[in-house]
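Subject: Structure for your review

Dear colleague,

I am handing over the structure that we discussed, followed by my notes on what was found in it. Please read the notes with the coordinates open beside you.

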Amino acid sequence: MASNIPEPSEVRRLISHIQKPIVFRGLIDTWPMLKFSMSDWKNLFSDKLLECRVGKRNSKSDKPQWERQSDNIKCTYEELIKWSENCGGGNNVELSGLETNKRFLYYGYKYMKDIFDLEVLQMIDWKAFGYPERNGAESTFWLGTAGAHTPCHYDTYGFNLVAQLAGRKRWILYPPEDTCFLQPTRIPYEESSVYSRINFEKWAEAVPVIEGTHPHVVELVPGDVLFVPRHWWHHVRNEELSVSINTWIELANEDHKARLQESLVKFIVAHTSRNLPTDVLYELLNPNEEDMADADLDEIQNLVRYTLKATSAANRKHTPEDISELPLLSDPWILPVACSQLPRLDPEVKKARFDEDHAEVDALDVIRAFSHPRVIEIVSQILQGE
């Protein structure tokens, strides 16, 4: 356990204001799940069928492996473990046909309140970070085999705390100012997620060399808690069988603007979805947003009005807080995540890449352009009279 454990209020103040990723150590040593053995996890899940995403490991495609391009299978925790250890899928025929070195299984992005009972939810608490009211009910569960990954993206709301409970997981993070080099897109559309069109898996275990970017790389081990600041890009990859739990925490003042911008993106996607052929709609919407094609347009229009009003009111009330007395990043319970590369920019390379992208334009390209973060930012400013 780390020495000199800070006061929760001190940690909360730090993560509410700092704009750099950091790793906390020694703050979740009391979590029961941190000490779970394979047997404990097996008892926790029992014979429950886990709906897992099946993906390709080390895909060399130019495009990320979106959720749409993945299959889904159901298996027990014990079957998943045996398969990951090259012991086959037991009686699970679907698993038996998958090669461990070519595929991954991901039981991720699962709201804990939907899969665990109250006793399990109370095993998780974020009080050491200044949020005593948060437990597993406000947290998300991620279990995946080696090679399981999340495409590079950033979350539009708040910040993120990620607790690593088992295995090793690599994070590559980029600051918001790198956005223009990461080819942002809102396709596939998923509320609060801005994706990169770059397939990071082409580099497999290496850190991508992307012109002009500032990658910050960290490998989380059990007991680590990563703080992901607001709007920081991240690509996440399991180095081995991994379990992690996270919680997204809103920032009341900053998120008003983000909610207005999200409502504008939703407005564009909902209206255009009505007139698209099925195959194009299939690419436009993430599986968890399929109902967008039938969304109530009046309701979305009212959402734009509401978020615009709330943003204007928040701008009038917001008074910056004095942050001159934040904890030092040299404290023993903090591990700063440093930039691992010097940025390089070759204008010719960048120009050639985008010239190739613009060779042909289709309906999705037009929607992508209108929903681009820069465009949405300008529209939100115009609506606010800026």
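The protein has 12 helices and 17 strands, where helices (H or I, at least four residues) and strands (E, at least two) are DSSP runs numbered from the N terminus. This is a predicted model, in which local features need pLDDT of at least 70 and side-chain atom pairs count only at pLDDT 80 or more, whereas totals for chains, interfaces and linings use all residues. Residues are numbered from 1 along each chain as its sequence is written, and side-chain values use heavy atoms, with hydrogens and water left out.

Overall dimensions

The radius of gyration, taken over C-alpha atoms, is 21 Å, which agrees with the value near 21 Å for a compact globule of 386 residues; the globule rule is 2.2 Å times the number of residues to the power 0.38. Along the principal axes, the C-alpha atoms fill a box of roughly 60 × 55 × 45 Å. Of the 386 residues, 50% are buried (buried means under 20% relative accessible area, exposed over 50%, and partly exposed in between, with a 1.4 Å probe and protein chains only). Among contacts (heavy atoms within 4.5 Å) with a separation of 6 or more, 82% are between residues 24 or more positions apart. The protein exposes about 18800 Å², and carbon and sulfur atoms supply 51% of that area, as computed by the Shrake-Rupley method with a 1.4 Å probe.

Salt bridges

Taking a salt bridge as a side-chain nitrogen of Lys or Arg within 4 Å of a carboxyl oxygen of Asp or Glu, the count comes to 17. One of them joins the side chains of Asp62 and Lys202, with an N to O distance of 3.7 Å. Because Asp62 lies in the loop between strands S2 and S3 and Lys202 in the loop between strands S12 and S13, this pair ties together parts that are 140 residues apart in sequence. Asp62 is exposed, at 59% relative accessibility, while Lys202 is partly exposed, at 31%.

Another salt bridge pairs Glu262 with Arg186, their closest N and O atoms being 2.8 Å apart. Glu262 belongs to helix H7 (residues 252–273) and Arg186 to the loop between S11 and S12, 76 residues apart. Both partners count as buried, Glu262 at 4% relative accessibility and Arg186 at 3%.

Helix H7 also supplies Lys257, whose partner Glu377 lies in helix H12, so that this pair ties together parts that are 120 residues apart in sequence; the closest N and O atoms of Glu377 and Lys257 are 3.2 Å apart. Glu377 is partly exposed, at 21%, and Lys257 is partly exposed as well, at 37%.

Ser371 sits in the loop between H11 and helix H12 (373–383) and counts as buried, at 1% relative accessibility. A polar atom of the Ser371 side chain lies 3.4 Å from the backbone oxygen of Arg368. Leaving aside residues up to four places away in sequence, Ser371 touches Arg186, Val265, Ile268 and Ile376; Arg186 is the residue that forms the salt bridge with Glu262 described above.

Val366, by contrast, lies in helix H11 (residues 363–370) and is partly exposed, with a relative accessible area of 38%.

Kind regards

Notes:
Polar contact = N/O pair within 3.5 Å; in protein donor to acceptor, adjacent residues only side chain to side chain.
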